[in-house]
Amino acid sequence: MKKLLLASTSTLHEGTYLSYLQEELYHFFEKIDEILFIPYARPSGISHDQYTKIAQQGFSHIGKKIIGIHTLDNQYEAIRQAQAIFTGGGNTFLLVNELYQLQLIDILRDTINKGTPYIGTSAGSNIAGQTMQTTNDMPIIYPPSFQTLGLVPFNLNPHYLDPDPKSTHKGETRETRIKEFHTLNNIPVVGLREGSWLLINNERITLKGNLTARIFEQGKIPYEWDGKTNLPFIK
């Protein structure tokens, strides 16, 4: 049974790392003692060790131990035997490139599909989708493929922002960029606003937090989803 928590962000403006998710994390990892952490996205270019320390601080409030996958000799086996897995945010291009270079994509997908609990934030949520093509990140490196884990039948756009009618910015909006994606691709996209997350138990997908999500489908007008029913495009 697949069990996922896919969050738009790790930190809200008024909080500390993962603080807004503490209650959800407590229940999600209730029977878990140790979480394998994948730090490859390296936000702001921090080291794997620095990122793992930040993750440990975030999970210390619920009494969980974090193990950085980069510290282990056999990363393939570490994923296969993990009690639970957490992939942090940062640069999705860098994260996906590392997973391909280390040949971890397939074992990560298989392990999660077999029921190992998985949490992703930002880039870590992006890779749960069909592809990484709806990320907001700069392409600082060229991964072997844009295909990701395909754990859910859609793509994500974490940190989704609505157009601000008062803004003087005349550049592209998130909606514009997703519409451009849909000129060549028919994968639905879930725009996750800050403070929102998806809780997935097998095929049941629930939207959590206080905001709706913006849903994009090829050839359709974007619409809001409140999470009270399953996503309309999932049969």
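In this predicted model, Leu156 stands opposite Val190 in β7, a pairing that belongs to an open sheet of 4 strands with mixed pairing, ordered β6-β7-β10-β11. A further open sheet is formed by 7 strands in the order β3-β2-β4-β5-β1-β8-β9, and its pairing is mixed as well.

- Strand β6 and strand β7, the latter made of residues 189-191, run parallel and are joined by 3 bridges.

**The sheet of 7 strands**

- In the order β3-β2-β4-β5-β1-β8-β9, the edge strands are β3, at residues 65-68, and β9, at residues 204-208, and each of them pairs on one side only.
- The twist here averages 20 degrees from one strand to the next.
- Strand β1 is largely enclosed by the rest of the structure, because 4 of its 5 residues are buried.
- On β1, the pairing with strand β8 (residues 197-201) is antiparallel and extends over 5 bridges, with Leu4 standing opposite Ile200 in β8.
- The pairing of β1 with β5 is parallel and extends over 4 bridges, and here Ala7 stands opposite Thr121 in β5.

**Helix α2 and its surroundings**

- Helix α2, which covers residues 48-60, lies across β2 (34-38), β3 and β4, and runs at about 165 degrees to β3.
- With 13 residues, α2 reaches 18 Å from its first C-alpha to its last, which is close to the 18 Å expected at 1.5 Å a residue.
- The buried residues in α2 are Tyr51, Thr52, Ala55, Gly58 and Phe59, and they lie on the same side of the helix because they cover an arc of only 115 degrees around the axis.
- Among the elements that cover these buried residues are α1 (22-28), β2, β3 and β4.
- Turned away from the buried side of α2 is a face that carries the exposed residues Asp49 and Lys53.

- His70 is located in the loop between β3 and α3, and its relative accessible area of 22% makes it partly exposed, since a residue has to be under 20% to count as buried.
- The side chain of His70 makes a polar contact of 2.7 Å with the side chain of Asp49.
- Leaving aside residues up to four places away in sequence, His70 touches Pro39, Tyr40, His48, Asp49, Thr52 and Gln75.
- His70 and Tyr100 are 30 residues apart along the chain, and their C-alpha atoms are separated by 14 Å.

**Helix α5**

- In helix α5, made of residues 105-113, the residues Ile105, Ile107, Leu108, Thr111 and Ile112 are buried.
- These buried residues of α5 pack against β1 (3-7), β2, α3 (75-81), β4, α4 (92-101) and β5.
- Just after α5 comes Gly115, which takes a positive phi of about 120 degrees.

- Asn126 lies in helix α6, residues 123-126, and is buried, with a relative accessible area of 4%.
- When residues up to four places away in sequence are not counted, Asn126 touches Thr92, Thr131, Thr135, Asp137, Thr148, Leu156 and Pro158.
- Arg214 is placed in strand β10, which consists of residues 213-216, and it counts as buried because its relative accessibility is 17%, the cut-off being under 20%.
- The side chains of Arg214 and Glu175 are joined by a polar contact of 3.5 Å.
- Among the residues that Arg214 touches, not counting those up to four places away in sequence, are Tyr160, Val189, Val190, Gly191, Arg193 and Tyr223.

Note on methods: Residues are numbered from 1 along each chain as its sequence is written. This is a predicted model: local features need pLDDT of at least 70, side-chain atom pairs count only at pLDDT 80 or more; totals for chains, interfaces and linings use all residues. Side-chain values use heavy atoms; hydrogens and water are left out. Two strands pair if DSSP finds at least two bridges between them. Helices (H or I, at least four residues) and strands (E, at least two) are DSSP runs, numbered from the N terminus. Axes are lines fitted to C-alpha atoms, for helices over the stretch in contact, and angles run from 0 to 180 degrees between N-to-C directions. Contact means heavy atoms within 4.5 Å. The expected span of a helix is 1.5 Å times one less than its number of residues. Buried means under 20% relative accessible area, exposed over 50%, partly exposed in between (1.4 Å probe, protein chains only). The arc is that of the directions from the helix axis to the C-beta atoms. A polar contact is a pair of N or O atoms within 3.5 Å; within protein, one must be able to donate a hydrogen and the other to accept it, and residues adjacent in sequence count only if both atoms are side-chain atoms.
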